[in-house]
Structure formats: C-alpha cells, structure tokens
Amino acid sequence: MTLFREAVIDLDAISDNTRQLRRMTGTDVIGVIKANAYGHGAASAAVAALAGGATRLGVATVDEALALRREGVNAPVLAWLHAPRRRFDDAAEAGIEIGISSFDQLEAAAAAASARTPVGVHLKLETGLSRNGVAPAAWERVLAEAARLERIGRIRIVGLFSHVSNTSPADDLAALAAFERGCAQAEAAGVRPEIRHLAATAAAIDLPETRLDAVRIGIGLYGLSPFDDRSSADLGLRPAMTLRAAVAAVRRVPAGQGVSYGYDHRTAQETTLALIPLGYADGIPRQASGRGPVLIGGRRFPVAGRIAMDQFVVDVGDHAVAVGDEAILFGDPTLGHPSATTWADAAGTINYEIVTRIGPRVPRRTVS
Ligand SMILES: *Cc1c(COP(=O)(O)O)cnc(C)c1O
C-alpha cells in the first residue's frame with residue numbers, strides 16, 4: 001500500500017534504549033509501557049524492552065496488564081492505578097502484580113488470592129507527590145496488615161515503591177528520605193520486599209541515590225529526553241517513533257491567499273501549498289498551528305495557519321513538492337528530522353504528550 005500516514009516504530013531503538021539505561025543506571029529496569037507504550041504500541045514495545053533487558057513491566061491499569069497477557073506477554077507486570085472498589089480476581093488469575101495505595105486495595109488484593117497462590121503486591125508509599133500511595137499516617141496500619149497477610153499466604157510483598165516530582169534535586173532527595181523512613185518502618189513491621197523502586201527516567205539518570213533496586217523507565221525507552229537541557233543524543237538514546245505522511249494535495253496560489261480556518265496565514269507571494277493529512281484528531285496539537293515543523297524534500301517548513309481535525313497545510317514557496325512526497329513531522333534529529341520535543345515546544349507541552357496522543361487513526365508500523 002502507498003503511504004498515507006503512519007507512525008514507524010523502531011523496536012531495535014526501544015531495545016537499545018533499554019540496554020543503554022540499564023548500563024547508565026547499573027540497576028534493573030522496569031519498562032513502563034502504559035498508555036499503549038506512550039503511543040508506540042504496548043505489546044511490541046513490551047517485547048522490545050524485555051529483549052533489551054527489562055526484568056519487569058509497569059502499566060497504569062489492570063486492564064492494560066490483561067491486554068498484555070492476551071498478547072502473550074508473560075513477564076512480571078505491575079499495575080498501579082485502580083478504579084474505586086475494584087476487585088482483583090482477574091489480575092490475580094493472570095499473575096499481575098498490584099500496586100497498593102490504600103488499606104482497602106490491600107484487602108481487595110488479598111481477597112483475590114487462591115488457596116495456593118498469593119497475590120504479588122507492591123506497596124506504594126506517598127512521599128510528597130500528593131497523588132497515589134499510602135499516606136504516611138496510614139503506613140503503620142497498612143504495613144502491619146501486609147505483614148500479616150503475607151504470613152497467612154494471601155499476598156507476596158514483591159515491592160515497596162514511590163514516585164518523585166522532578167521539582168529539584170533537593171525535593172527529590174527529600175522524597176527519597178521519606179521513602180527510606182517508610183522502608184525502615186516496613187522492616188520493623190516485618191515487611192521484607194524483594195525490591196524497592198523510586199525513580200522514573202529523570203531521577204534514574206540524574207540522581208544515582210534514587211536508583212535503589214530498580215528504576216521505572218518510560219520516556220527513556222522511547223528514546224526521548226525528560227530534560228529541557230539535554231537531547232536524546234546527549235543521553236545516548238534514539239527516538240523510536242517517526243511520524244510521517246504523504247503530501248495529499250498541492251496547489252499553486254497567488255499572493256494574499258488565505259490558508260485554513262480563520263485565514264491566520266495569508267501567502268506573502270505566489271507560492272505552493274502542500275496538504276498534510278494529519279490533524280488534531282490524530283494527536284497533532286492545534287496549539288502548534290503556525291509553528292510545528294515538517295520536513296519535506298530535505299527542507300523544514302512550519303505549519304501554515306491552523307491545524308484542523310484531519311489535515312493542515314504547509315507553505316513550501318517555490319520548492320518542488322508533489323503529491324505523494326513524504327512529509328516527516330518528527331523522528332530522529334540525528335537523521336535531520338524535527339524532534340517530538342520541537343513539536344512539544346511549538347505546542348507549549350512536553351514530548352511525552354506529543355507521542356502519547358498520536359491517535360488510533362494513525363497506523364503503527366513496526367520495524368526492526
Ligand atoms: C509514568 C510513570 C513512570 C515512568 O515515567 P517516565 O518519566 O516516563 O520514565 C514511572 N512511575 C510511575 C508511577 C509512573 O506513573
């Protein structure tokens with residue numbers, strides 16, 4: 001089939017990035033593949049991360065973990081965000097590890113244990129981010145109950161974990177200190193987790209103290225930098241997603257021609273307009289109207305005028321552009337492509353959001 005639009009996913013890049021982050025951090029990598037692996041395709045990204053040495057996978061929801069099992073991924077998987085009063089029978093049946101953020105979730109996990117198989121849990125301690133996790137005031141009660149449930153064979157305490165805010169080294173080290181107080185309290189309560197994990201990509205790279213027994217790597221797997229001041233290449237990472245489309249139409253127009261809704265762009269002189277068949281329904285941020293970069297025929301052009309639901313226009317001047325030519329929105333800057341980070345800057349957001357929001361109308365084509 002000829003190109004219309006697609007996200008090309010380089011699975012070797014995901015494996016290599018996993019290997020690189022393992023090497024950089026010297027600790028086990030939990031590959032975070034929530035949200036369809038940040039838009040890259042969960043099952044294939046999971047396999048690629050495992051091939052690169054990840055020892056466990058992390059997702060937000062049990063449903064995401066079950067979908068991986070259905071795709072034949074049998075590695076340890078941890079899911080940490082749950083609907084109120086959710087039961088975990090399906091998760092237990094599939095051998096999924098449950099992140100526990102409350103006493104009630106602990107009881108629900110234990111209730112899902114079968115006669116012979118305890119449910120694997122990771123107890124999440126709140127250490128400052130103010131999101132999920134057991135509040136410090138409840139640590140004692142939850143830890144005591146967890147120790148009891150493990151003794152009677154209902155749960156297996158696989159991990160103790162928390163998450164940092166990336167506010168500053170001082171704030172993250174304060175979260176680490178809080179986490180260590182929680183670990184000491186756990187020890188005193190008879191809770192002996194197999195692993196303790198705290199850092200996501202940014203802290204794993206910049207704050208060695210937070211690496212502990214494993215790091216949860218999301219954005220780094222996909223070859224994107226979580227830092228404003230360092231690129232993928234600076235970190236030895238390679239972006240895994242290239243978003244491209246075929247030019248769907250070209251037209252020659254005179255000076256003063258309005259382009260797209262609201263005529264925010266008017267041509268300065270006679271010029272050629274190229275139509276790119278991707279829009280905000282596909283995750284191209286409308287906020288990047290007039291700014292987002294597109295590479296056509298080796299040259300970069302900004303979006304002309306407003307990004308619409310399904311399409312936008314590029315003003316290519318007198319450059320020879322034909323229907324069917326390849327237009328690359330972002331990919332690997334070392335190959336001359338714009339980066340997802342440039343699109344993020346153009347839209348006032350972060351590269352995480354750019355790749356994660358690429359929509360279901362854009363087919364993923366994996367290469368390796
Ligand atoms: C999303 C997430 C991660 C991964 O974060 P990155 O910055 O993408 O590495 C790790 N841990 C938790 C709890 C998360 O929600």
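Select K34: this residue is partly exposed, at a relative accessible area of 26%. Buried means under 20% relative accessible area, exposed over 50%, and partly exposed in between, with a 1.4 Å probe and protein chains only. The model is predicted: local features need pLDDT of at least 70, side-chain atom pairs count only at pLDDT 80 or more, and totals for chains, interfaces and linings use all residues. Residues are numbered from 1 along each chain as its sequence is written, and side-chain values use heavy atoms, with hydrogens and water left out.

**Stop 1: K34**

K34 sits in helix 2. Helices (H or I, at least four residues) and strands (E, at least two) are DSSP runs numbered from the N terminus. Show the contacts of K34: G58, V59, A60, E64 and W80, leaving out residues up to four places away in sequence. Contact means heavy atoms within 4.5 Å.

**Stop 2: Y261**

The unreviewed UniProt entry lists K34 and Y261 under "active site"; such annotations may be inferred rather than shown by experiment. The two are spread over 228 residues of sequence and up to 35.1 Å between C-alpha atoms. Go to Y261, in the loop between strand 12 (258-259) and strand 13 (265-266). Y261 is exposed, with a relative accessible area of 59%. Y261 touches R306 and A308, not counting residues up to four places away in sequence.

**Stop 3: aromatic pairs**

Now select rings. Those of Phe, Tyr and Trp (its six-membered ring) pair if their centres lie within 6.5 Å; planes under 30 degrees apart are stacked, over 60 edge-to-face, the rest tilted. The count comes to three aromatic pairs. Y38 and Y222 form a tilted one, 4.9 Å centre to centre with 35° between the planes. Y38 is in helix 2 (residues 34-38) and Y222 in the loop between strand 9 (214-217) and strand 10 (241-246), so the pair ties together parts 184 residues apart in sequence. Both Y38 and Y222 are buried.

Next, take W80 and F161, a tilted pair at 6.5 Å centre to centre and 50° between the planes. W80 is in the loop between strand 4 (77-79) and helix 5 (89-93), F161 in strand 7 (residues 155-161), 81 residues apart. Both W80 and F161 are buried.

**Stop 4: charges over rings**

Finish with arginines. A charge sits over a ring if NZ of Lys or CZ of Arg is within 6 Å of the ring centre and within 35 degrees of the ring normal. R141 lies over the face of F103, 3.7 Å from the ring centre. R230 lies over the face of F227, at 3.8 Å from the ring centre.
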